[in-house]
Structure formats: C-alpha cells, structure tokens
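Hi there,

Here is the structure I promised to pass on. Have a look at it first, and my notes follow below.

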Amino acid sequence: MKNIQRPMKTASRNLGLIVGLSGLLAGCAHYTALPLPREAALAPSVAALTSQQADATPLGVDQVVALALANNPELQAIRARHALAQGNLKQAGLLPNPSLTGAFLPLLSGVGTVPAWNIGLSQNIRSLIVYSSKKRAAGFAARQVDADIVWQEWQVMGQARQLTVDLIVGQRSRASYEAAWRLLRDRNAKAEAALASGNLTLVAVAPGRVALQAARAALDTLDQKLLSQRHQLNALLGLSADANIPLSDEAQLPPIDPAAIRAGLPTLSDRRPDLLALRMGYGQADEQVRQAILSQFPDLVLGGGVASDNARVINAGPNVSVPLPVFDRGQGAIAIARATRAQLHADYTARLKAATGQVEAMLAEMDQLARQLAVVRRDLPAARAAAERAAKAFGASTLDERAYIDLLSNRYTKEQDVMTLELALLDRQVALQTLVGIGLPAVDVAPQGAGQ
C-alpha cells in the first residue's frame, strides 16, 4: 500500500508544480511583432477619410478642421505618447519588490557532514520613503503629456483653419487678378498691333508691357501660393498631394468677442494647454526636489535570513545594510533638482507673459485692420461706379482707351485691396482663436499638487 501511495504523492506534487508554473506563465506578457510599414499610406481622396461617396460636396472650415483632428499623421503619432505616460504612471504606482537571496554550498572536504545553505529576505527602506513622491511626480508627468497632446491638437486645428481660410479667400480673389490680367493683355495686344503698323511708338507701348508683366506676375504668384497651400492642407489631412479638397465659398469662423477675451486674460493659464503642460512639468520638478531631499536618508536595507553550516548548525536573525554618507550626502542631486525647478519656473513665467502679450497684440492688430478695411470698402463703390461710367463712355467713344483702362484697373486694384485686408483680418482672427482656444477642445488636466 505504501508503495502505491508514494508514486501518487509524487504525481500530485508534479501536477501541482505544473499547474503553478502554468499560472505563472499565464500572468506574463507575451511578445507580439509590430512590423514597420514600407510605404506611406496616404489617402487618395477626401471620400477615403469620410463616409461620403464622392468628393463633390464642398467642405466648410469646421469640417476641414474635424478631418485634420481625426486624420493628421503627426497627431496620431503624438497621441501614442499617452499610453507611454500611462505605463510610466502605472510603474510608479507599484511598490518596490523585496530581494530574496539564497545559496546552496555542497560539502567538498573537511569535517562537515552535510551541505551548507542560507536564505534571506530584505527590503530597501528608502525606496518606500520616496514612493509617494515618485507616484505624484509620475502623475504630473502623465498630465503634462496629455496637455502637450491637446496643445498639438490646437496647433493642427489652427493650421487647418488658416489654410482653409487662405484657400477660400485666395480662390475668390483670383477672379479679380485674372480679370485685370485679361484686360491688360487685350489692351497690350492692340497696342502691339498698332506698334507693328506704325501707328504707335515704343515709348507709348512700353508702359502697357510693364503693367501686363506685373499683372501676369501677380496672378502667377497667387496661383503658386494657392497650390502650395493646397499641398500643405493635403499633408495636414494625410492626403496625397494630388487629392482634391472641395471647399466652400465662405470662410466661416467662430465669432470673437474682444471684450470677453480681454476679460479672460487673467485665467488664460488655466485654459492654454502649453501653459498647463509647463505647470505639470513644474509640479514634477517640485516633487523631484522633494525626492532629492528625502534621499538624504541613508539607503537602509533591512531584512532577515537563516543559514545552516556543514555541521547542521542553524542560525537565523535580522540583518541591516547602511551606506556611510562620508562623501556623497545628496548635495549634488538636490542642487540639480532645485536648478531644474527654477528653470521651469522661469520658462513658465516667460511663456505666460508672451502668451498674454501675443493676445493683446493680436487684438490691437485686428482693430487696425478693421479700420483700414472699412476705409477701403468705403472707397470701393466709387471705384466700381467710375469703372461702369468709363465703360459706357468708352463704348460711346467719348473716353480714350488709356483712361478707360486706368479706371478699370483702379477698380480691380481696390477689389484686391479689400480681399487682401479681409484675408489679413481673418488670419489674425484664426491666430487669436488658436491663442485663446475659441472653438478648440478643452484640456482635461486637473492642476493639483505642489506648485499649482
């Protein structure tokens, strides 16, 4: 019976060992390959980014901004930092592991009768002292990453607004540039024909040539700018360079209340993601100062152990390990931590002053542009009326061609001036909205802890 029970007990122990090892392996992480792409996966069209069946539906500013927020390649890469920060936060929240030591010493010679062995368990006490501070520092670091991500989202959305507005206004103003060029082209063609027939001199034709070249250069410059902006917008949305983005005819932006913006300047630091990120970085640095000070406590290791020698004499008891702070008492680490905190304090203060100054400057520039635009708009009807009267007079042969062309050119110049000032005002409006976060996602970062 005993011979039967012994194999059963052995089998039970082996089964228990197998089950224990299986459970241990089941709790371990496993390697999974993540191969790098060999080619850029750029979307061929807007329809590939949305549920639209075709690219014919014009997109407004808000729709383009939403597409940029969802599909911008750089944002997708930056958002991956959130998981890394959360991993560091999780790691900081884990208690430090104790240390287990042991040895087995077979008897090789001498008067002993059995192998010797020892086993011990110890714990670093200083790691427990700074545990709470390290956890708080990791929390600040994680919130800083989240604030940085939101700030990058603000920048991408601001760029999408800027490019969309520039394209809409630029495409609308192109008609005026092209009309001026066609007018001068037709006039120059007639002048060149008259020059060839001997009815005009080169001196009379030269100003028309210069004006035509200037109009052609202005139209070419505008086309180059529009193409470059389209390529920039495509890249921002993760589209191929030749993809077509149909845009609306109107550049609609969120309304701006200058009085409310000025009133909200004292609380700008609670809403700007970059300022919040600096505050979180300062909080982390403050905790690192605390850790450096706490680390002056000796690196005390407490534990206990049991040992048996070759004569079966067993000893057990506590043990302690304490480094002697003769040369290094943590002065260098404390100095570095304090200098880092001071630098971040200065960086935050400088960024806060710059942000406030930028908002105030942008509001002043918008006031100036609005006044200038009002003057040009006031003069535009008169220029248009003069051009209409000139067309009638020229048709009735009561006005010479030179005066007719000059009056029409003045009309086109005034229209281009209006569009230029409108675009400049819209550009400042977009920049201001990006600075204060109008129509942009809020930062879900609660400022807490030291230094806030």
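Which residues form a nonpolar patch on the surface? In this predicted model, they are Leu 100, Phe 104, Trp 117, Ile 119, Leu 121 and Ile 314, with about 640 Å² of accessible area together. Strand 1 (99-105) and strand 2 (116-124) each contribute at least two residues to the patch, and strand 2 has the largest share, with three. Ile 314 sits in strand 4 (residues 314-321) and is exposed, at 54% relative accessible area.

Next, the strand pairing. Strand 2 runs antiparallel to strand 3 (residues 301-308), and eight bridges join them; Asn 118 is found opposite Ala 307 of strand 3. Strand 3 is also antiparallel to strand 4, again with eight bridges, and Gly 304 has Pro 318 in strand 4 as its bridge partner. The hairpin of strand 3 and strand 4 has five residues between the strands, and Arg 312 there adopts a positive phi near 65°.

Beyond its neighbours within four places in sequence, Val 165 is in contact with Val 61, Ala 251, Leu 253, Leu 423, Leu 426 and Val 430.

On charges, the count is 22 salt bridges. Here are three of them.

- Glu 178 and Arg 182 pair at 2.7 Å, N to O; both are in helix 5, four residues apart, about one turn of the helix. Glu 178 is partly exposed at 22%, as is Arg 182 at 38%.
- Arg 262 and Asp 367 pair at 3.7 Å, N to O.
- Arg 341 and Asp 286 have their closest N and O atoms 2.8 Å apart. Asp 286 counts as buried, at 10% relative accessibility, while Arg 341 is partly exposed at 25%. Both belong to one network of salt bridges with shared partners, together with Arg 136, Glu 287 and Arg 290.

Best wishes

How values were computed: Residues numbered from 1 in each chain as written. Predicted model: local features only at pLDDT ≥ 70, side-chain atom pairs only at ≥ 80, totals over all residues. Heavy atoms only, no water. Patch = residues over 30% accessible without salt bridge, like charges linked within 9 Å, V, L, I, M, F, W, Y side chains within 5 Å. Areas by Shrake-Rupley, 256 points an atom, 1.4 Å probe, with all protein chains shown as cover. Salt bridge = Lys/Arg side-chain N within 4 Å of Asp/Glu carboxyl O. Buried < 20%, exposed > 50% of the residue type's maximum accessible area, 1.4 Å probe, protein only. Contact = heavy atoms within 4.5 Å. Pairing = 2+ DSSP bridges.
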